Amino acid sequence: MDRSQLLLVGLPLFLIISDLFQLFTPPQKPTSDHHHHHHHQPPPVIQQPHTLEFPAQKIGGGIGAVGIGNTVTIDFCSSCSYRGTAVTMKNMLDSQFPGIHVVLANYPPPLPKRLLGKVVPVFQFGVIGLVMAGEQIFPKLGYAVPPPWFYQLRANRFGTMATTWLLGNFFQSMLQSSGAFEVYCNGELVFSKLKENRFPGELELKDLVARRIINSGVVDGLGASSWS
């Protein structure tokens, strides 16, 4: 047996024997100095200052628990991309009046605009169907020969359908938008974008809601005296 074979056989045997030796050898307990254990002192206890909690204690610029029992409703135009502004105002009210219930809802357009908005899709599909199958539709409507404008639309059918679809979506978006951002506190209107033609500022809305809460007297069961 040459050296290489001896090395290949002896190395695994050496590793196995060393593993067995470590397996059956009892673990040694670490030595420790008993004097250190007897003279150990407990860590000093740091006394935390106690703060008195009052019902009307201000927390982070707001007033603790002042919002409990109060509801703010923000009716906004969802098709006008006002949701981001509504969420920002909701977060502000939640932080300034902890416990307040803020409801976000869509403010629908007037009834005539809603009815016209339902007609627009019918018009879109009607024009597209007429362009695609007008030669079969007009005879059923009593026209032996389609009118000349039909052939003009038919000559550029893809452009006609694309234009009809885009214009229809544009008018439908206009009819569905109300432009509203109405804020109610406990059922009372405190701000109206339809009347002011602008959005409320955060500080402005905070003051308006605070005044309404004072007038309603729902301040965590403390009444309006906690605000004075």
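A disulfide is defined here as a pair of cysteine sulfur atoms within 2.5 Å. The structure holds one disulfide. This is a predicted model, in which local features need pLDDT of at least 70 and side-chain atom pairs count only at pLDDT 80 or more, while totals for chains, interfaces and linings use all residues. Residues are numbered from 1 along each chain as its sequence is written, and side-chain values use heavy atoms, with hydrogens and water left out.

The disulfide joins Cys 77 to Cys 80, with an S to S distance of 2.2 Å. The link of Cys 77 and Cys 80 is right-handed, at 65 degrees about the S-S bond. Cys 77 is buried, at a relative accessible area of 1%, whereas Cys 80 is partly exposed at 22%. Cys 185 is buried, with 0% relative accessibility.

The sheet comes next. Helices (H or I, at least four residues) and strands (E, at least two) are DSSP runs numbered from the N terminus, and two strands pair if DSSP finds at least two bridges between them. Four strands, in the order 4-3-5-6, form an open sheet of mixed pairing. Strand 4 (101–106) and strand 6 are its edges; each has a single partner strand, so one side of each is left without a neighbour in the sheet. From one strand to the next, the twist averages 20 degrees. Six bridges connect strand 3 and strand 4 in the parallel sense, and Asp 75 has Ala 105 in strand 4 as its bridge partner.

Helix 8 packs on this sheet, touching strand 3, strand 5 and strand 6 (contact means heavy atoms within 4.5 Å). The direction of helix 8 makes about 165 degrees with that of strand 6; axes are lines fitted to C-alpha atoms, for helices over the stretch in contact, and angles run from 0 to 180 degrees between N-to-C directions.

Helix 8 comprises residues 202–216. Leu 205, Val 209, Ala 210, Arg 212 and Ile 213 of helix 8 are buried. They lie on the same side of helix 8, because they cover an arc of only 165 degrees around the axis, the arc being that of the directions from the helix axis to the C-beta atoms. An α-helix has 3.6 residues a turn, so residues three or four places apart point the same way. The buried residues of helix 8 pack against strand 3 (71–76), helix 3 (83–96), strand 5 (181–185) and strand 6 (188–192). Leu 203, Arg 211 and Asn 215 are exposed on the other side of helix 8.

Methods
Expected span 1.5 Å × (residues − 1). Buried < 20%, exposed > 50% of the residue type's maximum accessible area, 1.4 Å probe, protein only.
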